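Here is a short briefing to read alongside the model.

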Amino acid sequence: MSDNVILIRYGELYLKGKNKDYFENILKNNIRKKLADINCKLYFGRGRYVVKDYESADEPIILNRLKHVFGVHSTSVAKRCGYDFDEIAELAISIVPQNGTFRVTSHRSYKKYPLNSLQINMQLGERILQAKPQLTVDLHSPQYVLNVDVRENGDVYLYDDSERCVGGMPYGTGGNGLLLLSGGIDSPVAGYMLAKRGMSLSALHFHSYPYTSQAAKEKAIELARILGEYCPGISLTCISLTEIQETIHKCCKPNYMITLVRRFMMRIAERVANKLNCGCIINGESLGQVASQTLESITVTNAVVNMPVFRPLIGMDKDEIIEIAEKIGTFKISIEPYEDCCTVFLPDYPLIKPTLEKVEEQESKIANYNELIERAIENIETIVL
């Protein structure tokens with residue numbers, strides 16, 4: 001078994017007041033599930049969670065998994081000892097380097113400990129200097145920082161640094177949302193952003209087989225799997241838009257194609273969201289990025305649904321979105337050259353400022369509008385990830 005323990009810290013849960021227990025309990029449960037297949041023990045204290053009694057070989061696996069748990073702010077690999085100060089000093093001396101500059105920074109959450117934080121810093125620093133006279137104290141820019149964490153459970157933890165994790169709110173505390181997952185860069189990032197605020201996700205993918213390939217759908221499945229690292233239990237629903245797009249192409253003006261397709265998509269998405277008990281629709285639109293993402297286009301699209309539509313990327317530019325996509329591991333999949341349904345019957349000059357009146361006029365040319373929606377939903381496909 002490893003001599004180390006892993007400290008887990010949460011972030012803004014401190015701000016939740018009397019509701020804090022609710023958020024903490026969900027976070028604890030998410031951590032348990034993430035580490036369920038690893039032989040280890042979990043201790044949940046006030047403000048600190050600890051993973052202990054694990055095999056040394058599992059340490060990098062545990063650290064990597066904790067990076068994917070929303071609500072976890074940071075982790076540290078630490079050494080553990082008891083309250084006896086001689087034991088603490090002996091352990092500290094074995095940890096700090098032989099030479100250079102150092103500082104001791106203590107945090108004493110157990111207020112009954114006989115030494116306060118400043119006294120721990122001074123006395124422990126003195127012991128270290130006696131044992132390793134080549135070292136020099138530097139309180140401002142030390143080469144090495146020894147952190148000492150005195151906890152209520154009888155343990156003292158010593159560590160040198162911490163690793164930042166994903167942060168946010170515990171997954172499952174922010175309601176349920178339906179993510180419109182295309183195959184591009186933006187939509188997985190949009191889902192990640194809402195999941196980071198605690199929202200549980202279900203995903204909906206529209207395809208246009210045979211105009212788009214099976215590989216395009218597989219790409220969306222793989223993106224959902226990657227999101228599943230952060231969003232346990234995410235489901236993926238696939239719906240064909242082929243008949244709808246063929247009908248629009250046949251009945252309506254070409255430059256209205258994108259606008260009309262997106263209104264169909266939103267109507268279908270609202271039906272699916274209600275079926276899956278989702279309280280909102282999520283998409284990856286960024287204002288002005290393409291013709292369908294102008295203010296006018298978004299307004300016309302929103303007009304067909306009563307459910308809230310969340311657009312977490314609305315004020316972000318492409319570079320900012322790509323940076324997040326690379327961080328969460330979706331970027332390389334998203335740029336694979338398989339076209340999605342939005343490229344089918346793409347007009348040369350799509351509308352950028354549609355009006356509701358003109359759009360509804362074009363929609364009135366589709367005599368079987370509701371039948372198309374019903375048939376699309378009847379042929380729904382649920383993908384097991």
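Predicted model: local features only at pLDDT ≥ 70, side-chain atom pairs only at ≥ 80, totals over all residues.

**A sheet, its helices and a surface patch**

Cys 238 has Glu 381 as its bridge partner, the latter lying in β15.

- Strand β12, covering residues 235-240, is joined to β15 by three bridges, and the two strands run antiparallel.
- Both belong to an open sheet of six strands with mixed pairing, in the order β14-β13-β10-β11-β12-β15.
- At the edges sit β14 and β15 (381-383), each of which pairs on one side only.

**Helices against the sheet**
- Helix α7 spans residues 242-251, and its buried residues are Thr 242, Ile 244, Gln 245, Thr 247 and Ile 248.
- Those buried residues of α7 pack against strands β11 and β12 as well as helices α8 (257-275) and α13 (369-378).

**A nonpolar surface patch**
- Leu 287, Leu 295 and Ile 314 make up a nonpolar patch on the surface, and together they have about 290 Å² of accessible area.
- Ile 314 is found in the loop that links β14 (309-310) to α10 (318-328).
- Why does Ile 314 count as partly exposed? Its relative accessible area is 34%, and partly exposed covers values between the buried limit of 20% and the exposed limit of 50%.

Methods:
Residues numbered from 1 in each chain as written. Heavy atoms only, no water. Patch = residues over 30% accessible without salt bridge, like charges linked within 9 Å, V, L, I, M, F, W, Y side chains within 5 Å. Areas by Shrake-Rupley, 256 points an atom, 1.4 Å probe, with all protein chains shown as cover. Salt bridge = Lys/Arg side-chain N within 4 Å of Asp/Glu carboxyl O. Helix = DSSP H or I, 4+ residues; strand = E, 2+ residues; numbered from the N terminus. Buried < 20%, exposed > 50% of the residue type's maximum accessible area, 1.4 Å probe, protein only. Pairing = 2+ DSSP bridges. Contact = heavy atoms within 4.5 Å.
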